[in-house]
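Please look through the sequence and the model before reading on.

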Amino acid sequence: MNPADPLDQLNPLREPAAIGWWPLAPGWWLLIALVLIACALVAWRLLARYRRNAYRRQGIAALSEIRDHWQTSEDATTCLTRANALLKAVALKAYPQRDIASLSGESWQEFLNSGSGVDARFQLIHLQAQYQAVSDSTNVSEHLDASARWIRSHKAVQ
């Protein structure tokens, strides 16, 4: 140390304490509030969508029961009649009653075939099974598969 140099006589510099993360700045509080509001809105929309599609889940469950009945009894008339009644009930939940209730025959077939974005093709003979003495038991499984696809993917008017 040189006694003539006054800078050597200074004490070392003290560093300030590190800046802590707490308390948060107002901008962070605003960001947290916006994220919480966005999460609440997304959860609310998902819950509303889940509730809105409850009829679809019930329809698929009922169709599963119809399929089980078909596999055990192989009664095509009962199976097709119940499946068609289920399709009509699901359609009445998703669309206005004035548009659906009066559909039958070819107009009902056209509505079902055009109402889904997937390739769900219904045959008129299966849609009118309740009016026939003996139903055609071929392709019943395909009819039930098409019904399941339609229930899952039809475009509902809400």
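1. Some ground rules come first: this is a predicted model, in which local features need pLDDT of at least 70 and side-chain atom pairs count only at pLDDT 80 or more, while totals for chains, interfaces and linings use all residues. Residues are numbered from 1 along each chain as its sequence is written, and side-chain values use heavy atoms, with hydrogens and water left out.

2. The protein chain has seven helices and zero strands, where helices (H or I, at least four residues) and strands (E, at least two) are DSSP runs numbered from the N terminus. Read along the sequence, the pattern is therefore α-α-α-α-α-α-α.

3. For the overall form, the C-alpha atoms of the protein chain fill a box of roughly 120 × 35 × 20 Å along the principal axes. The radius of gyration is 33 Å, whereas a compact globule of 158 residues would have one near 15 Å; this radius is taken over C-alpha atoms, and the globule rule is 2.2 Å times the number of residues to the power 0.38.

4. Of the 158 residues in the protein chain, 28% are buried, a word that here stands for under 20% relative accessible area, with exposed meaning over 50% and partly exposed in between (1.4 Å probe, protein chains only). Among contacts (heavy atoms within 4.5 Å) with a separation of 6 or more, 63% are between residues 24 or more positions apart.

5. Helix 3 has 19 residues and reaches 27 Å from its first C-alpha to its last, close to the 27 Å expected at 1.5 Å a residue; the expected span is 1.5 Å times one less than the number of residues. Its buried residues, including Cys79, Leu80, Ala83 and Leu87, pack against helix 2, helix 4, helix 5, helix 6 and helix 7.

6. Helix 7 (residues 140-153), with 14 residues, spans 20 Å, which is close to the expected 20 Å. Among its buried residues are Val140, Leu144, Trp150 and Ile151, and what covers the buried residues of helix 7 includes helix 2 (54-73), helix 3 (76-94), helix 5 (105-114) and helix 6 (124-127). In helix 5, the buried residues include Trp108, Phe111 and Leu112, and the buried residues of this helix pack against helix 3, helix 4 (97-100), helix 6 and helix 7.

7. Which residues touch the most other members of the largest nonpolar core? They are Leu63, Trp108, Phe111, Leu112, Leu144 and Trp150, out of 28 residues in that core. The elements giving two or more residues to this core are helix 2, helix 3, helix 5 and helix 7, and helix 3 gives the most, with nine residues. Such a core is a set of buried Ala, Val, Leu, Ile, Met, Phe, Trp, Tyr and Cys residues joined through side-chain atoms within 4.5 Å.

8. Leu144 deserves a separate look: leaving aside its neighbours within four places in sequence, Leu144 is in contact with Leu63, Ile66, Arg67, Trp70, Cys79 and Ala83.

9. Cys79 itself is buried, with a relative accessible area of 0%, whereas Cys39 counts as partly exposed because its relative accessibility is 48%. The structure holds zero disulfides, a disulfide being a pair of cysteine sulfur atoms within 2.5 Å.
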